[in-house]
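Work through the exercises below with the sequence and the 3D view side by side. Each task is followed by its solution.

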Amino acid sequence: MISNKQTVSSYVVMLDGGSLETLELTAAQAEGFECLTCKTQHTTESGAFQPVGRIPSIGTVFQCLKCAGGAR
Ligand SMILES: [Zn+2]
């Protein structure tokens with residue numbers, strides 16, 4: 001995780017599929033640096049991340065493949 005981006009706030013996330021959901025996310029998750037579910041940092045070692053939605057005016061949010069492919 002990215003230690004200086006752990007402030008948690010509520011974000012309205014537009015999920016792929018069109019539904020809007022209010023989620024409590026860290027800044028790092030909201031800015032697409034960490035998995036939305038397990039907070040694994042998005043690095044080359046952690047492998048590909050999959051975009052799962054976006055936060056208007058901030059950017060795209062991601063899940064790691066483990067979370068995106070697992071129980072959702
Ligand atoms: Zn994950």
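Two strands pair if DSSP finds at least two bridges between them. Strands (E, at least two residues) are DSSP runs, numbered from the N terminus. This is a predicted model, in which local features need pLDDT of at least 70, side-chain atom pairs count only at pLDDT 80 or more, and totals for chains, interfaces and linings use all residues. Residues are numbered from 1 along each chain as its sequence is written.

**Exercise 1.** Find how many bridges join strand 3 to strand 4, and in which direction the two strands run.

Solution. Start with strand 3, residues 49-55. Next, locate strand 4, residues 59-64. Six bridges join the two, and they run antiparallel. At one end of the pairing, I55 stands opposite G59. F49, in turn, stands opposite C64. Last, look at the hairpin: three residues lie between the strands, and S57 takes a positive phi near 75 degrees.

**Exercise 2.** Find which residue of strand 3 stands opposite M14.

Solution. Strand 1 covers residues 8-15 and is joined to strand 3 by two bridges, again antiparallel. Across this pairing, M14 stands opposite R54.

**Exercise 3.** Give the order of the strands in the sheet, then name the edge strands.

Solution. The four strands form an open, antiparallel sheet in the order 2-1-3-4. Strand 2 (20-26) and strand 4 are the edges, because each pairs on one side only.
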